Amino acid sequence: MKEQKPLFAFLLTVFVGVLIFLFLIDEIAKIIAMLEGIAEQANMNMMYLQTILKIIGIAYIAEFGAQIAKDAGQAAIASKIELAGKILILVMAIPILTAVIEMVLALLPS
C-alpha cells in the first residue's frame with residue numbers, strides 16, 4: 001500500500017499507533033498507580049517519581065515520532081526527533097542527578 005498511496009499508508013500508520021496507545025491507557029494507569037503506591041510505602045519524594053514518569057513519557061513520544069518520520073521516509077527528521085528527546089530527558093533528569101550527587105557527598109567523610 002505504501003507504494004500506491006503513500007499518504008494513506010502514513011495516515012493509517014499514525015491512526016493505528018494512536019489507537020493502540022488508547023487501548024493501553026488503562027494498563028498504563030494501573031502501572032502508574034502501582035508505582036505511586038510503592039513510592040508512598042518507601043516514603044519517596046513524589047517529585048522524583050513524577051520526573052521519572054515524565055522522562056519515560058518523553059522517551060516513548062520521541063520514539064513514536066521518530067518511527068512515524070522514518071515511515072514517511074524522513075530519516076533526517078527522525079534523527080532530530082530522537083536527539084531532541086534525549087536532550088529533554090537530560091534536562092528533566094538534572095534534579096534527580098543533583099539529588100544523587102548531594103546524597104553521595106553527604107555520605108563521604110568531611
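This is a predicted model: local features need pLDDT of at least 70, side-chain atom pairs count only at pLDDT 80 or more; totals for chains, interfaces and linings use all residues.
Residues are numbered from 1 along each chain as its sequence is written, and side-chain values use heavy atoms, with hydrogens and water left out.

**Overall build**

The protein has three helices and zero strands. Helices (H or I, at least four residues) and strands (E, at least two) are DSSP runs, numbered from the N terminus. The order from the N terminus is α-α-α. The radius of gyration is 19 Å, well over the 13 Å that the globule rule gives for 110 residues, so the protein is more spread out than a compact globule. This radius is taken over C-alpha atoms, and the rule is 2.2 Å times the number of residues to the power 0.38. Along the principal axes, the C-alpha atoms fill a box of roughly 70 × 30 × 15 Å.

Buried residues make up 15% of the 110 residues. Buried means under 20% relative accessible area, exposed over 50%, and partly exposed in between (1.4 Å probe, protein chains only). The accessible surface comes to about 8,600 Å², and 73% of it belongs to carbon and sulfur atoms. Areas come from the Shrake-Rupley method with a 1.4 Å probe; for residues, only the protein chains shown count as cover.

H3 has a kink of about 40 degrees at Ile 94, shortly before the proline Pro 95. The bend at a residue is the angle between axes fitted to the seven residues ending there and the seven starting there. Ala 78, Gly 85, Ala 93, Ile 96 and Ala 99 are buried in H3. The buried residues of H3 pack against helix H2 (46-71).

Two residues show this pairing from either side. Ile 89 lies in H3. With heavy atoms within 4.5 Å counting as contact, Ile 89 is in contact with Ile 55, Ile 58 and Ala 59, leaving aside neighbours within four places in sequence. Ile 89 and Ile 55 are 34 residues apart in sequence, yet their C-alpha atoms are 5.5 Å apart. Ile 89 counts as partly exposed, at 24% relative accessibility.

Thr 51 is in helix H2. Thr 51 is buried, with a relative accessible area of 10%. Not counting residues up to four places away in sequence, Thr 51 touches Met 92 and Ile 96.

**Salt bridges**

The whole structure holds two salt bridges. Each needs a side-chain nitrogen of Lys or Arg within 4 Å of a carboxyl oxygen of Asp or Glu.

| Pair | Closest N and O atoms |
|---|---|
| Glu 27 and Lys 30 | 3.5 Å apart |
| Lys 70 and Glu 82 | 3.5 Å apart |

Lys 70 in helix H2 and Glu 82 in helix H3 are 12 residues apart, and the pair links distant parts of the chain. Lys 70 is partly exposed at 40% relative accessibility, and Glu 82 is partly exposed at 26%.

Glu 27 and Lys 30 both lie in helix H1 (residues 6-41), three residues apart, about one turn of the helix. Glu 27 is partly exposed at 41%, whereas Lys 30 counts as exposed at 53%.
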